[in-house]
Each structure stands twice: as structure tokens, then as C-alpha cells.
Amino acid sequence: MIPAQEVVETGLGAASKAGADGCIVLVHEGSHADVRFALNTTTTNGVQRSRDVSVVVIAGDGVATASRAGVVGADGVTEMVTDALADARQSPPAEDAFALVDASDGAPGRRSFDQGPEETDASALDDVLSSLSGAFERARARDAVLAGFAEIDVGTLYLGSSTGLRLSHTQPTAAVNLVGRTADGSGSAWVGVPSIDPSLEAMEDEIWRRLDWAKKQIALDAGRYEVILPPSGVVDMMATIDYDALGGQDTEDGRTVFSKEGGGTRIGETITSLPFTLYSDPDEGGVECRPFVAAGASSSEVSVFDNGLPCPRTDWLRDGVLARLRYHRAGAAKSGATMAPYIDNLILRCGLHDGGSVDDMVARTENGLLLTCLWYIRTVDPATLLMTGLTRDGVYVIQNGKVVGAANNFRFNESPVDLLVRATEVGTPVRALGREFGEHLNRTIMPALRIPDYNMSTVSQAS
Amino acid sequence: MSPLAADELGALTEAALDAASGCQAAEIRVERVRSQMLRLHDAQPETKADGTDFGMGVRVIDDGAVGFAASVDVRPEEAARLVRQAREMARVTSHAGGGRVELAPEPAHREVQWSSAFVVDPTSVPMADKIALLAEWSRRLDEREVVAHTSASLLTVSEETYLADLNGTRATQQRVRLQCQLEALALSESGFETMRTIAPPVGRGWEYLTGAVADGNWDWDAEIDRIPELLAEKLGARSVEAGTYDLVVDPSNLWLTIHESIGHATELDRAVGYEAAYAGTSFATFDKLNNLRYGSPVMHVTGDRTVKHGLATVGIDDEGVAAQSFDLVRDGILVGYQLDRAIAAAMGFVRSNGCAFADSPMHVPIQRMANVSLAHSGQNGPSTEDLIGGVDRGIYVVGDKSWSIDMQRYNFQFTGQRFYRIENGKLAGQLKDVAYQATTTDFWGAMEAVGGASTWVLGGAFNCGKGQPGQIAPVSHGCPSVLVRGVNILNARAEAGR
């Protein structure tokens, strides 16, 4: 395969030669390794190498894009550019058309465009694999079964444009999930860590602690309960804001929780009384991510014309006030708003509130429930951002500062915005992995939240 | 219809399978998958994406363990290298401990050429034609006063795949599918409402959008014409009073309930615990085979990979197993599961029923859902109107929207596109803010009647998720209208504390 940089230059050269009015070429070089296990045995695994190439070609007011995953060399990218140019010439004017980003306006890259891609391979799993056989033995000794998944992905992106941009970024992404279940299925516990080299023994210890809690089963009815929602659960609920409520155009259309009755958006409105700040920042320590826009196709919030633009820290909520919605430049210009791109991390903090760890918050709880994680979270009503979902792999009953047993699972109906409105205590923000959306939104920092009246709509028999 | 020329596939096969000599099993898959996505907002193009995935993956069973490796570099020497890499992965994971993996036997199918039923590959139609069609439909909606905004989307996929295994099967296959949706949004002082088309995604070609309705294609004109009036009625509908109601569920909604509460629950890999860390397990555990009362005696459910235009329909699955049709629930009793070769062997079945699928050459095949369908009650069975006529106080549910179910497939909650009050056997206007919630066996146990053949529709989804790394699969679910007694109805606004 020819180097990624050569693919970029060949594509740009082909576009120029064919008379395109602009062109962007993105090449993503990926490597991946994973292992999966269940029932105290390894099940599947894999190592993969990939290359994804996207081209954006502009002809007059029209734009066309194409992407290919596979070995794309000089001929391949030239063919892609030629086909896209023909498509662009037939396309109606692009709604998101904007001047391409100049080299002088582009984001400063963290690595040189000339550097080769970074890679991973199966050896990255050595620590996990070497720990597994002992973990399986310990699980059998406890009459329990372990299941889980460990993966690492390293992707290097190269972005070049006909306006002189040459950017590159490498992004490692990793996670280890571990589930322990009692052999009779009465108890289940989960721990997830967004890293490929966590201490599997420490994860195991937490699993055994929780399965010990589950030896006493306490049946509870549906209703509203004081709940400690751990950082993993907070990730998944805040992710629904990120996915479903931050679109500027959708909000202006009137279809999100941040739409204003009678038209417009709620930007500038105080949403929460506690000073929550929900933000994305490519430079946030521990969750660093790509500091520039890279888009192979446009959407209502992201534009191919914005490729290469810097991604500054963006506060979506700032001290409880709705501060920003997501727009590409054309959308922002049309709406008189500030452009705000998608950024691949999400952080929630609350001023000086620091309630400590989940264990600290449990110790301050007279009567309540400690949740482990949430699952199958889906929108019921976008106007209120009411989500439904379920508790999973451990709901623990707290009495007088201690966990005294495990309760049944519940279906909940809750809005993440309302959770922020009603939260009465905020823990220390930590690097966290969402159980449901962690595979899509891996880079998060979230606190635990105390919710005084979490709406458990019905009991789920799942255990 | 082949991802590569025959001689190139032959060279890859020879290189891979020679390197796999001595393995208990091995297969190489070469795939070219083209996927397009078009989205319009207010009749203007918003997203245009056209992508092609091309690569190969090899899976081996060696030393009693699975090894998988994949690459976009599709050359014979790379195929041999991938096999060596996969064998090393199998060796390493075998040493991590646990049981040995065996595959249920499958006869060799030799040379197989198979294609799904279509006239025009939808990915071959110029993007400009697609934009023009969706823009015209969007404008027809936009012209109506009640409609404030429209969105339209079209997903089209064409798969060309090749599989060769140590068993001697050489399968070359092509499938196409498409999904088209239009949605209109209306605003009022109290908020907004939407109404979306209920045309199901199908394993058909471009003709599904432009062809004659008499040939089984969708009547888009009729549906688009109705959307604004349905939306206006919904906008003025009264909010539902929470409580217990009898439901008549239209196939456009019921397919998703089947998918979640039967389709996933009867995947045997889930039922025995292989998905415990992610997708979940199942209440329909293996010890309940042939004795679990899943639903009422009128409930008959099959799995198949054979139904014409089905999204999960194939000739040969991704482990070299021929497509089949099989019972899952008969007379309301659980009588079967969906299987791949490993789970079939592990649980004592003589053969897989062909439910292995990988969504890309870069992913290992896992057990994925067949087309899981509820049988109708025959040519003389009741119409939807007949079912409604048997309800004094109830709700008629049409179209899917929101869905959620727990990790053992007990407790579910669904919404829909529109809900109608039923009063004394007649429809009495739309309701809004409706969600229905039930436990799987309670819901199906309360199914009093299923509609006749005239009510049966093949619905489905493009995007069923499972596995780690995550994979998506297309799957169809055929079903008639049904009557279910005594279902818990929630008011979504009340649940939100409004």
C-alpha cells in the first residue's frame, strides 16, 4: 500500500487536474485487537488492519463525497475523485457551502503530517490474556462465571485540502468490560474501564464485592427512590443530551428539549440551579481527542466545508445556563449563532461541588439505592428528552450508610436534563466508561449524582 | 455479483486454506459492501454519503479455540498471513483457559451462486435521481399548511460476498436492500408532533420506490398524501389517560415487539450466557425448551433465512450453512432457538440452522437473528377492522418509534407513530403521549387473536446491534395485526413529571 500521505496528495492532484473547485481528502489508518470471553472461557477475538479514504469534491455550488474502506492507492483515490466530481457537477447547491479552511486558519496539529501511522496489535492484549486464566479459576472457585471484552483501537487520520491544509492526528481508544454472575443467575455485577491495561485483579475484586452484596436479595416495588447514579450511568444519560439535544438546527426546528416555545432556542436560559458545566474540550487531560474538524460527509450539525477548523473548548451548559448548541459554519451564519463543531469527548463538572467517591456518597446515604449502570436507553419524548431504560448488573440497597443487599432491576423513565435539575449532590468527576454508549463515546469525565426521586417506572424481572 | 474475479478468488482461497491445513475448521470471506445514505431537510440535501467496504477476513478453529484476522489488503500472500495470525490468536486464547470450541457439522455445498430478488441495484441509481425523488416527495409534504419541517432519508446497500471453507463450500452471493422514510413535523403552542411513513425496509431494489404497487412495491403516493392529515389530527389529539387497555397492534408496530421480545430472546448464544457482558442473556433459558409457555395458543413463530425480500435472507450463511426455516414457538410453546455452528455443537444440536452473520469482512461471524416472524391465522382470518371490532375500550397502535427492553428480554416499553382510541369496536380519534409497557410472556400470553393473511406485512430493521466489537445486522419480521388484552399504558408526559 502506498503511504496515506501519498493518497492524500494524489487525490488532491487528481481533483486539481480534473478542474474541481476544491477538494479535501481524509485517510484513516486503523489497527485493532480484541478478545471476548464468557462462561469462564475465551470465545472470539480478532486483529484487524484497515484503511478508510474519504474524498470531498466541490464543483461550483455543488459538492459530492465518497468513501472507501480497503486498499485505496493512487488509482483508487483518483477514481473516487473523478466519480465524486461528476456527482458534484450534477448536485444542487450545497446548503452548507462555505469557503474551505485555509492553511493559515486550520488547527495546529499535535503531530506532523509526515509521520507514519501509529499501530497496535495482539500484544496489546497480553496483560489481559495473561490475567484471564487465573480470573476464570477464581470465578469457578466462587461458583461464578465471568464474561467480558477487551479491545484497543489505534487510528491515525491524515487530512489534506486544496487550500493547503495538511493535518494529522492519532487517537487510541481502549476499554475493558468485566461482568461476573453467580452460577444461579441471582447476582450480577459489572465493571468497565476505558483503558487496555487496567488491573484486572482490581476489577475482579470489585465484582466479588458486589456479588457478595447480592447474597441478600431485597424485593422492591416500582416508585421514586433516592438514587446514587454512578459516573458510568451519568455518562450514558449525558450522552443522550449530546446525541439528541445539542443540534442547533433541530432545536430551532422546535424538536428538542432546548427548543423555546413559540420558536427559537433556550440559549442563555438557566437550566439547572446547581452550577453544572457540561463541555467538550480536545485538550482536556486524560480524554484528549482530535483538535480539528474531520468530516467525510455533512449532516445538520457537521459540514465537510469545515474540515480542518480548530475545535476549541465548547461549554454546552455553563454554570447551569444553556450556552451553546452545535452548528457548522453555514448553519451558524444563517442562524446568527456561533459555530460549534462536534468534539469527541464530554465532561461534566459542577463548580466547586466535590462529593467524593461513590463509596463516600453511599456512606452519607440514610436510605437509597446505588445503581451500577443503565441499559437500553431510548427516547420516549424528545420535547422533554424523556428517556426510558433499565438498571442492569446490580441495584444495591443502602441503609444507614451501608449497602445491605441487592434489589431487583427496574425500568426507569427519566430525562437527563431533569436529573441535572433535581440532583442534590455531585461526586468527584472521574474518567468513566458508559455501559451503553461507551463504545461510541469513550472519552468522558463524569461525577456520580445523587437524585432524590429517581422514577423507577416498573420492576424488571431481569437479574 | 462477485466481489472479485473468479481467478483472484481462487488464488485467495488456495492461499488461505493451504495455510489453514490442520485446523479443525477455517473459512475465508471476501466482501465488497456498498452503502449509501441520503438525508434531506426541508427538501434540501443535508447528508450524502457513498461508501464501499472491501476486504477479507479469515476465521480458524485451531487448538480448540477461535482465531480471527482481517485486512483490507486482499492479496493471496496477505490471506496466508492472516491465517497464520488467526492461528496464533487461537493458540494464545486457548492458553487463557476455558472449554474447547467445536463446530456442528455441515455438508459441503460446493459451488453456490445466489442472489436476492431485485430488479435494479439501488446503489447503482445516480445520487441526483435519488435527491430529485426525495425532494419531490418532501415538497408535497411541505406544501401542506400543517407541516413546518420535513426530513427524508434513504439508505441503500449492496453486498457482494464470497465464502470458501475447508469443508469445500464456495459461495458467491449478492444481496441488496433499502430503507426510505419521510417525516413531517408540526408545531403548536404546546410543542411539536411528528408523523413518519411506515413503509418497511426491504430486500428489494430501486423498484420499491418507483415500481408498480401491484408488484409488491410500496404505495408511496398514498402514504405521503395521508401524512399531513394524520399529523394534524395527532397535533390536536388528547393526551392518553394512563391505565390498562386492550391493544390492537398493527404489523408496522408489532414487528419491533417481535424483534425485541422473541427474536433476541430465542438466540441460544444469549440464552446460555455468551452475550452476558453486552447484549444480555435471555429469560428463555435452555432448560425451558419445549416447556416454556411463551404466549397464547394462537402464537406460532418461525425463524427463517429464506423469505423472499427478507433482510436476513441468504443462500449460505457466513459459516457455510445453507439457509433454513425452523419453528421457534409453536402453539405458544418455546420449541426452538436460533443457532450458529459453535452453539449448536455446544448444546447438542446435530446442525446449525444457519444464523451466522458478520456485518463486514473485518468482523468475525457471530450468531445473528434470522427473519423471525409471527404466523397469521390463514386466508379467512380476521381483518384489522375485525380485531378492532372486538374491543370495547382500547387502543390501536400503528408504526414504530421508541423501543427499550431489559437484558433478559422480560420488560419492554414501546411507543409508536400514532395511537387511536377504540370505543365500542370503532376507532374514535388519535391519542398522544402513549407508551405501552409489558412483560414478554404476559404480553404474548394475552394475545387473544391474530389477524388473517390479508393483515400480514414483512417489517424489519437495518440496524440490529449485537456483539463486541459491535456489529449491525439487517433483519425482517413478518406479522399480522393482533389483539392483546389488558396491556399497561403509560402517559409519557406524566412520566416526565409534566
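The area buried between chain A and chain B is about 6,700 Å², where buried area is the accessible area (1.4 Å probe) that two parts lose on being put together, summed over both. Carbon and sulfur atoms give 51% of this area. In chain A, Arg36(A), Asn45(A) and Arg255(A) lose the most area to chain B, together 10% of what that side buries. The size of an interface is often given as the accessible area lost when the parts come together. The structure is a predicted model, in which local features need pLDDT of at least 70 and side-chain atom pairs count only at pLDDT 80 or more, while totals for chains, interfaces and linings use all residues. Residues are numbered from 1 along each chain as its sequence is written, chains are lettered from A and ligands numbered from 1 in the order in which they are written, and side-chain values use heavy atoms, with hydrogens and water left out.

The contact (heavy atoms within 4.5 Å) takes 88 residues from chain A and 78 residues from chain B. Between the two chains, 3 salt bridges are counted; a salt bridge is a side-chain nitrogen of Lys or Arg within 4 Å of a carboxyl oxygen of Asp or Glu. Arg36(A) forms a salt bridge with Glu275(B), with the closest N and O atoms 2.8 Å apart. Strand 2 (residues 41–59) of chain A gives the largest share of the side of chain A that touches chain B, 11 residues. Helices (H or I, at least four residues) and strands (E, at least two) are DSSP runs, numbered from the N terminus. Across the interface, 42 residue pairs are in polar contact, both at pLDDT 80 or more. A polar contact is a pair of N or O atoms within 3.5 Å; within protein, one must be able to donate a hydrogen and the other to accept it, and residues adjacent in sequence count only if both atoms are side-chain atoms.

Tyr278(B) is found in the loop between helix 7 (268–272) and strand 10 (301–304) of chain B. Tyr278(B) is buried, with a relative accessible area of 13%. Buried means under 20% relative accessible area, exposed over 50%, partly exposed in between (1.4 Å probe, protein chains only). Leaving aside neighbours within four places in sequence, Tyr278(B) is in contact with residues including Arg36(A), Trp375(A), Glu439(A) and Gln468(B). A polar contact of 2.4 Å joins the side chains of Tyr278(B) and Glu439(A).

Several backbone features stand apart. Most residues other than glycine have a negative phi, and most peptide bonds are trans. A cis peptide bond joins Gln468(B) and Pro469(B), with omega about -5°. Pro469(B) lies in the loop between strand 21 (457–466) and strand 22 (471–479) of chain B. Phi of Asp393(A) is near 55°, a positive value. Asp393(A) is in strand 14 (residues 386–399) of chain A and is buried, at a relative accessible area of 3%. Phi of Asp331(B) is also near 55°. Asp331(B) sits in the loop between strand 11 (325–330) and strand 12 (333–334) of chain B and is partly exposed, at 41%.

Helix 5 (residues 220–235) of chain B has 16 residues. At 1.5 Å times one less than the number of residues, helix 5 should span 22 Å; its end C-alpha atoms are 23 Å apart, which agrees. A kink of about 30° lies at Ile227(B), shortly before Pro228(B). The bend is the angle between axes fitted to the seven residues ending at a residue and the seven starting there. Both Ile227(B) and Pro228(B) are buried.
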